[in-house]
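Reader: I would like to learn how to read a few features of a model like this one. Please give the general idea each time, then the case at hand.

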Amino acid sequence: MNIELKLYASLSSYLPPGAKHHRVALDVAEGTTPAQLIDDMKLPKEACFLVLRNGVYLTPDERETRPIKEGETIAIWPPIAGG
């Protein structure tokens, strides 16, 4: 099934070649969860601080248990500090 993955800040370096504007279209297996996607993309789990599905925050538990659906967008940010 086709989804869109967006990686921001330092995580954008994990996008495959050809990705543009922090995003890439991916073909993933049915039943893939955001946590599995993080593993499949070899993203450092401790750096995946904010995970959104179609703009809605996913708790760490939801990332493990709620499969991604066709056409959805998963966006991931690392922890960001500022002041």
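Reader: Is Thr 33 buried or exposed?

Author: Buried means under 20% relative accessible area, exposed means over 50%, and partly exposed lies in between, with a 1.4 Å probe and protein chains only. Thr 33 has 7% relative accessibility, so Thr 33 counts as buried. This is a predicted model, in which local features need pLDDT of at least 70 and side-chain atom pairs count only at pLDDT 80 or more, while totals for chains, interfaces and linings use all residues. Residues are numbered from 1 along each chain as its sequence is written, and side-chain values use heavy atoms, with hydrogens and water left out.

Reader: Where does Thr 33 lie, and which residues is Thr 33 in contact with, leaving aside its neighbours within four places in sequence?

Author: Helices (H or I, at least four residues) and strands (E, at least two) are DSSP runs, numbered from the N terminus. Thr 33 sits in the loop between β2 and α1. Contact means heavy atoms within 4.5 Å. Apart from neighbours within four places in sequence, Thr 33 is in contact with Arg 63, Glu 64, Thr 65, Arg 66, Pro 67 and Ile 68.

Reader: What is the secondary structure of the protein chain, and what pattern does the protein chain follow along the sequence?

Author: The protein chain has two helices and five strands. Along the sequence they come in the pattern β-β-α-β-β-α-β.

Reader: Lys 6 is in strand β1. Is Lys 6 buried or exposed?

Author: Lys 6 counts as buried, because its relative accessibility is 17%. Leaving aside neighbours within four places in sequence, its contacts are His 22, Arg 23, Thr 73, Ile 74, Ala 75 and Ile 76.

Reader: How many aromatic pairs does a search of the whole structure find?

Author: Rings of Phe, Tyr and Trp (its six-membered ring) pair if their centres lie within 6.5 Å; planes under 30 degrees apart count as stacked, over 60 as edge-to-face and the rest as tilted. The search of the whole structure finds one such pair. The ring centres of Tyr 8 and Trp 77 are 4.4 Å apart and the planes are at 5°, so this pair is stacked. The pair links distant parts of the chain, 69 residues apart: Tyr 8 is in the loop between β1 (2-7) and β2 (23-27), and Trp 77 is in strand β5 (residues 73-77). Trp 77 counts as partly exposed because its relative accessibility is 22%.

Reader: What is phi of Lys 42?

Author: Most residues other than glycine have a negative phi. Phi of Lys 42 is near 60°, a positive value in a residue other than glycine. Lys 42 is in the loop between α1 (34-40) and β3 (50-53), and is exposed at 66% relative accessible area. Asn 54, not a glycine, has a positive phi of about 50°. The place of Asn 54 is the loop between β3 and β4 (56-57), and its relative accessible area of 43% makes it partly exposed.

Reader: What radius of gyration does the protein chain have?

Author: The radius of gyration is taken over C-alpha atoms, and the globule rule is 2.2 Å times the number of residues to the power 0.38. With 83 residues, a compact globule would have a radius near 12 Å, and the protein chain agrees at 12 Å. Of the 83 residues, 39% count as buried.
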